[in-house]
Amino acid sequence: MTTTPSRMQMAARMHALLLRELGQGIDIEQMLNSERYARDVLLVCAAYKGSELAALAQDYRHALPQPPAPLA
């Protein structure tokens, strides 16, 4: 059985990896609560193509709540 990491776990991993790569981590709480901040962090992570950061960015996007479909 595989478990999907939570957004908090993914954000914490991004923080650790960005701290190592850039010398600057992220604000995990803001990552979870601010769409704009999360978008910016995900863009930075996605720029590391072929890395764990890029994969985490994609996984994080898939874990975001989806808006409800419009009623027909």
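Predicted model: local features only at pLDDT ≥ 70, side-chain atom pairs only at ≥ 80, totals over all residues.
I started with the lining of the largest pocket and sorted it by class: seven nonpolar, two polar and three charged residues.

**Entry: the pocket**

I looked up the volume of the largest pocket and got about 210 Å³. Then I listed who lines the largest pocket: Arg7, Met31, Leu32, Asn33, Ser34, Glu35, Ala38, Arg39, Leu42, Tyr60, Leu64 and Pro65. Which helix gives the most to this lining? I found that α3 does, with four residues. Both α2 (28-33) and α3 (35-46) supply at least two lining residues each.

**Entry: the whole protein**

I stepped back to see the overall layout. I counted four helices and zero strands, and along the sequence the pattern reads α-α-α-α. The C-alpha trace spans about 50 × 35 × 20 Å along its principal axes. Of the 72 residues, 24% count as buried. I also checked contacts between residues at least 6 apart in sequence, and 48% of them join residues at least 24 apart.

**Entry: α3**

Which residues of α3 are buried? I noted Ala38, Val41, Leu42 and Cys45. Seen down the axis of α3, these buried residues fall within an arc of 100°, so they line one face of the helix. A reminder to myself: an α-helix has 3.6 residues a turn, so residues three or four places apart point the same way. On the other side of α3, I found Arg36 and Leu43 exposed. The buried residues of α3 pack against α1 (7-22), α2 and α4 (52-63).

**Entry: α1**

I ran the same kind of check on α1. Its 16 residues should span 22 Å at 1.5 Å a residue, and the end C-alpha atoms are 21 Å apart, which agrees. The buried residues here are Met10, Ala11, Met14, Leu17 and Leu18. Down the axis of α1 they fall within an arc of 130°, so they too line one face of their helix. Turned away from that buried side, I saw Met8 and Arg20 exposed. What do the buried residues of α1 pack against? I wrote down α2, α3 and α4. Last, just after α1, I noticed Gly23 with a positive phi of about 75°.

Terms used:
Residues numbered from 1 in each chain as written. Heavy atoms only, no water. 1 Å grid on protein atoms, 1.4 Å probe; cavity = no way out; pocket = protein on both sides within 12 Å on 5 of 7 lines; lining within 4 Å. Points joined across faces, edges and corners; volume = space filled by probe spheres on them. Nonpolar A, V, L, I, M, F, W, Y, C, P; charged D, E, K, R; others polar. Buried < 20%, exposed > 50% of the residue type's maximum accessible area, 1.4 Å probe, protein only. Arc of directions from axis to C-beta. Contact = heavy atoms within 4.5 Å. Expected span 1.5 Å × (residues − 1).
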